[in-house]
Amino acid sequence: MTGKGSATPATYSPSPTSRKGKPPAYKDGDLNWARPDGRGFQQCRPAYFRTGAVNAASGSAYVEIGNTKVIVSVFGPRESKKAMKYSDIGRLNCNVSYTSFSTPVRGQQLDHKEYSSMLHKALEGAIILESFPKTTVDVFALVLESGGSDLPIVISCASLALADAGIMMYDLVASVSVYSLGVNLVIDPISEEESYQDGSLLISYMPSRKEVTQLTVTGEWSTDKINEAMNICLDACGKLGEIMRMCLKEAASVSSEVNLGRPGGRLKGLQGA
Amino acid sequence: MTGLSLGEKLFIQGGIAQDLRTDGRKRLTYRPIYVETGVIPQANGSARVQFGGTDVIASVKAEIGRPNPMQPDKGKVMINVSCSPTAAPIFEGRGDEEVSAELTVTLQRCLLGGKSGAGAGIDPTSLVVVEGKVCWDLYIDGLVISSDGNLLDALGAAIKAALSNTGIPQVQVAADASGEDRPEVDISDEEFLQFDTSGVPVIITLTKVGRHYIVDATGEEESQMSSAVSISINRKGHICGLSKRGGAGLDHSVILDMISVARHVSEQLLNKLDSEISAAEAVQNEL
Amino acid sequence: MALQEREEGLVTPGDVLGKAAEVRAGKGAYEHSGLVYASITGRSLTVSPSAESPDQRPTLEVMGLKAHGAVPEPGSIVIARVTKVMSRMASLDIMCVGFKSVSEKFTGTIRQQDVRATEIDKVDMHLSFRPGDTVRAIVLSLGDARAYYLSTAKNELGVISATSSAGQTKNELSPDLLYFSHLLVKSFILIEHHLDEHFSFESQETQLILFYYCFR
């Protein structure tokens, strides 16, 4: 068995050409720099969405955008924890966590405590909380691989998972971020670009209702630039929303084929009788 | 704030719609602002700011530290906010965690700028003593003593006042020691450097109640909000940070409109704050 | 019936279904600033109004392909199992809401005054319920932070199956096991619906209800 092919070494030795090569560093004032992955400044990475990734959950979704991979499960609506105060309307409980292998260096992931509350804020405006009084819907997001733009991807993925769970929503929530690097605006940034950013803008948007559920800006922006960045983001959110809708419809048409026109097929027959 | 009757709620909402709020203010008028500096002698700089019934303290402490190896030319600025149970009984124990964390994150976003340090209220490169080896770590702590709405703007103002009150001791690096890994530094007890605080932005929270938005909402008014947008704006009229609270969605044209209103209000607030801060400094120097 | 249903395509949350001036929002849809939107993923159907209805707009509904688990709401009829009996109240686990079995745990309480409609102060909780009894009840209110408030103070509500202390399933009527025959008809309907909703045959309730049905 061993040493059969000289091409395959018996023991593993890491390739000397490890990925040490730094991305072409962006320099101030340089207009013609290229993004590390060769994309255009206003070009998003290809997105892959799938619902029903976790069987045990009421609803779930898996999203892969570039190297960022996120899985979100939705549980409930279920009875609120005893410690919680009574509430007429439903509650949303969000949690975002990272796997220990999500970043190149194990356990290096930054402090993402605020992500849970930001996910909550981005979603709560889109959910019809009155439709599940007194109960709680839990949204658990897990970032399997962090490749940049983690939070917007988590938000989009969570909204898809909620739709998959059949939770009543006003609209899907699509989220996109833009970084300002010198004079350029780059959309859907990757991790390498994160350290160069002069400012960031994140929008969560209900594409059909045309309403912004969450907006955060850091860094210094002129009004014109904010305007431009928002328009770029909203446009991208609209397109992302379309992809999410397509994914939901695809999943729905597959499941209805399996169920032979369910649900209600037999019920209707009963009513007619 | 709970326990408002339907009549009271309608009264607040109706008043805002008619541009006459329950305390007689217009939609874009602030409550009286009171600033006191140097309230904490142990700190390098401190200030107490009151917006009506809201009372907050900010303190700035500087300590010698090592810069982050990723950013050797920058000092570190840490912001932390806590809410005292004296402000409201719900802050007792761990009850303030949620509110404090949200205020902390928003202040960080509004004052510290982007990852590269661009747009920060405090220039982090000014905190470096020896590049890559010695820098100042700035600990900014906010404390909410009494809460009657608009905590974020008050904390932003208090931090701005505390920073202009801050004196960083003059540091002498031993000339021959600059090659060492941990150079010896001599911290002066008498000579202090003042911060350039002209770039520190103010935070303006526009609270949307019904179809209108108001500045400096009281606790009662905040209970009626559908959403709120906090915008930090500097002297140049540039936006240094923005975050949205509240669940209800907003049309993006409304947000742009809010930004332009906030820019307009920011000029007045900056002028008002600057004059209050210099008045407070004058009082402090007299004592 | 003038009810007509017309099936249309697949919709997702946020899809615009029509103008509020022309259509009404039914189940799985909502109205916002003059438009009717879908709120769940599923097939949209148009239900024409009955002739005598004052509002002649057709109703747009979305039939969810996958609805979230049933949640008790005030007024819904639930099937629950008694877990604990105290002198003034009984605790129950809700198992079915309407015709749907719940996927999560929900706790309900029947207070002494909600057991029956008459002589409410003479109710002995321990004679009315025993742990393990299956009860049909109505949700009175969302209750407190802990439990939903349930009531059996109606003819068609009460214990629908119980086990005697010897372990035998009760055949006789206890004072609170009212209108037995009436129940059987209901049970029959219940079974029909349960089967339709993929109700598990292994479930003890289904078996018990079937048991009653068979011994009629």
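Biologist: In which sense do β4(A) and strand β5 of chain A pair, parallel or antiparallel?

Modeller: In this predicted model, strands of a sheet can be described by how they pair, for they do so through backbone hydrogen bonds, either parallel or antiparallel. Strand β5 of chain A covers residues 135-145 and joins β4(A) over eight bridges. Within this pair, A:R91 stands opposite A:T136 in β5(A). The sense in which β4(A) and β5 of chain A pair is parallel.

Biologist: Which are the edge strands of the open sheet in chain A?

Modeller: The sheet is open and has five strands with mixed pairing, in the order β1-β2-β3-β5-β4 of chain A. From one strand to the next, the twist averages 15°. An edge strand pairs on one side only, and in chain A this holds for β1 (47-51) and β4 (91-98).

Biologist: Which strands of chain A does helix α1 touch as it packs on the sheet?

Modeller: Helix α1 of chain A is formed by residues 113-124, and its direction makes about 140° with that of β4(A). Another helix, α2 (residues 150-164) of chain A, lies across β1, β2, β3, β4 and β5 of chain A, running at about 145° to β2(A). Helix α1, for its part, touches β4 and β5 of chain A.

How values were computed
Residues are numbered from 1 along each chain as its sequence is written. Chains are lettered from A and ligands numbered from 1 in the order in which they are written. This is a predicted model: local features need pLDDT of at least 70, side-chain atom pairs count only at pLDDT 80 or more; totals for chains, interfaces and linings use all residues. Two strands pair if DSSP finds at least two bridges between them. Helices (H or I, at least four residues) and strands (E, at least two) are DSSP runs, numbered from the N terminus. Axes are lines fitted to C-alpha atoms, for helices over the stretch in contact, and angles run from 0 to 180 degrees between N-to-C directions. Two residues are in contact if their C-beta atoms, placed from the backbone, lie within 7 Å.
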